[in-house]
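This report walks through the helices, their packing and the aromatic pairs. Have the sequence and the 3D view at hand.

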Amino acid sequence: MKKTLRYLWVGDVTSAISYLSNIPEGDVKKQKWLDELIAYLERKRECIVCYAVRDKLDFRNSSNPVEKANDIIVAKRQKHNGMAWTPKGSSSLAAIEFLYHNDQAYEWFFNHSIPMLTPNLIACA
């Protein structure tokens, strides 16, 4: 685990996958879990940043701002009103609330664009 995390800390996904792929089968408790981890790293390769650089630049290396935003935007409204939501409905509410909280409603509803998002950010969501 420590060696894999060292690779990922510096954004070296290729080395992390190579290391994980070369672990002897007898050393793995559940091969399925290892295969799922490798597949996840492959899928998210473009989204895995160099956390060491972010740390040096005093950028956040956690998702807590995103989690709090979700709590403010979606969870409170759903939980405190005793509502049951489908994943599609919950995602739709989050998207609409996002537009209003970021003053992008006009841009989206009339121009069908949100200028602050980039294709890379959308792919990593």
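A residue is called buried under 20% relative accessible area, exposed over 50% and partly exposed in between, with a 1.4 Å probe and protein chains only. By that scale, 16% of the 125 residues of the protein are buried. The model is predicted, so local features need pLDDT of at least 70 and side-chain atom pairs pLDDT 80 or more, while totals for chains, interfaces and linings use all residues. Residues are numbered from 1 along each chain as its sequence is written, and side-chain values use heavy atoms, without hydrogens or water.

**Overall layout**

Helices (H or I, at least four residues) and strands (E, at least two) are DSSP runs, numbered from the N terminus. The protein has 8 helices and 0 strands. Along the sequence the pattern reads α-α-α-α-α-α-α-α. A contact means heavy atoms within 4.5 Å. Among contacts with a separation of 6 or more, 39% join residues 24 or more positions apart.

**Helix packing**

Two packed helices are described by the angle and the distance between their axes. Axes here are lines fitted to C-alpha atoms, for helices over the stretch in contact, and angles run from 0 to 180 degrees between N-to-C directions.

| Helix pair | Angle between axes | Distance between axes |
|---|---|---|
| α1 and α2 | roughly 160 degrees | within 7 Å |
| α2 and α3 | about 165 degrees | 10 Å |

Helix α2 covers residues 13-21 and helix α3 residues 31-44. Their angle makes α2 roughly antiparallel to α3. Angles under 35 degrees count as roughly parallel, over 145 as roughly antiparallel, 65 to 115 as roughly perpendicular and the rest as oblique. The α2 and α3 crossing is left-handed. That word applies if the near helix is turned anticlockwise from the far one by less than a right angle; clockwise is right-handed.

Which residues of α2 and α3 meet? From α2 come V13, I17, L20 and S21; from α3 come L34, L37, I38, L41 and E42. This contact holds 7 nonpolar, 1 polar and 1 charged residue. Ala, Val, Leu, Ile, Met, Phe, Trp, Tyr, Cys and Pro count as nonpolar, Asp, Glu, Lys and Arg as charged, and the others, Gly among them, as polar.

Now the other pair. Helices α1 and α2 are roughly antiparallel to each other. Their crossing is left-handed. K3, T4, Y7 and L8 in α1 meet V13, S15, A16, Y19 and L20 in α2. The residues here divide into 6 nonpolar, 2 polar and 1 charged.

T4 sits in helix α1, residues 2-9. Is T4 buried or exposed? T4 counts as buried because its relative accessibility is 5%. Beyond neighbours within four places in sequence, T4 contacts A16, Y19 and L20.

**Aromatic pairs**

Rings of Phe, Tyr and Trp (its six-membered ring) pair if their centres lie within 6.5 Å; planes under 30 degrees apart are stacked, over 60 edge-to-face and the rest tilted. The whole structure contains 3 such pairs. One of them, Y7 with Y19, is tilted, at 6.3 Å centre to centre and 55 degrees between the planes. Y7 lies in α1 and Y19 in α2, so the pair ties together parts 12 residues apart in sequence. Y7 is partly exposed at 23% relative accessible area. Y19 is partly exposed at 30%.

Y106 and F110 also form a tilted pair, 4.6 Å centre to centre with 35 degrees between the planes. They are 4 residues apart in helix α7 (residues 105-111), which means about one helical turn separates them. Both Y106 and F110 are exposed.
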